[in-house]
Amino acid sequence: MERQTSESKVVVEVDLDGTGRVDVSTGVGFYDHMLTAFGRHSLVDLTVVSEGDLHIDAHHTVEDTAIVLGQALREALGDKKGIRRFGDATVPLDEALVQAVVDVSGRPYCVHTGEPEGQEHVLIGGSGVPYLGSLTRHVFESLAFHAHLGLHVRVLAGREPHHVAETQYKAFARAFRDAIAFDPRETGVPSTKGAL
């Protein structure tokens, strides 16, 4: 999938039957780290090349990358025959604990709760373009909308901003991995409607 605007140019390739091979370059080091965690823990092969107006800030690049990633995931899911549909994961990272629940429903919805007070104002990352804590919620909202996922992300514990953000990406990755896994007993689309 590719998207180009006056603010960014994004190219994303995914292979849902991958092994977690990742090659990511967005110009935002911490976001690269988060997308790498997503690919590795979901076992989705992921290639991302994003160029954006980073001289302003990371927002447009991060948002547009999430949009295109969501579109690529939706396209790769195809008709969804034979998948489990639902995935749930609770993932720790030191003091942080996050639960993510995914429904590959075809209906976009995102509920994101529990981040520590002030997380949305924290700048995360070393030298280079920082990642604003509020972008994490925005990434999941954009992904859910464009991938047509029902997604709940609940931060259950956490103090260190890097850990709080990273654990969310890892929990989403594991829940997504479970949701898209093949169910050997499911011969059609896992829905009473016959379509997702």
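Helix H2 (residues 59-77) comprises 19 residues, which at 1.5 Å a residue should span 27 Å; its end C-alpha atoms lie 27 Å apart, in agreement with that expectation. The expected span is taken as 1.5 Å times one less than the number of residues. The structure is a predicted model, in which local features require pLDDT of at least 70 and side-chain atom pairs count only at pLDDT 80 or more, while totals for chains, interfaces and linings use all residues. Residues are numbered from 1 along each chain as its sequence is written, and side-chain values use heavy atoms, with hydrogens and water left out. Helices (H or I, at least four residues) and strands (E, at least two) are DSSP runs numbered from the N terminus.

Of the 19 residues of H2, 15 are buried, so the helix is largely enclosed by the rest of the structure; buried denotes under 20% relative accessible area (1.4 Å probe, protein chains only). Just after H2, Gly-78 adopts a positive phi of about 55 degrees.

An open sheet of four strands has the order S5-S6-S10-S7, with mixed pairing; two strands pair if DSSP finds at least two bridges between them. Strands S5 (86-93) and S7 (109-113) stand at the edges with a single partner strand each, so one side of each lacks a neighbour in the sheet. Strands S6 (residues 96-103) and S10 (residues 150-157) run antiparallel and are joined by seven bridges. Val-101 stands opposite His-152 in S10.

Helix H4 (residues 161-180) packs on the sheet, touching S5, S6, S7 and S10, where contact means heavy atoms within 4.5 Å.

Note on methods. Axes are lines fitted to C-alpha atoms, for helices over the stretch in contact, and angles run from 0 to 180 degrees between N-to-C directions. Buried means under 20% relative accessible area, exposed over 50%, partly exposed in between (1.4 Å probe, protein chains only).
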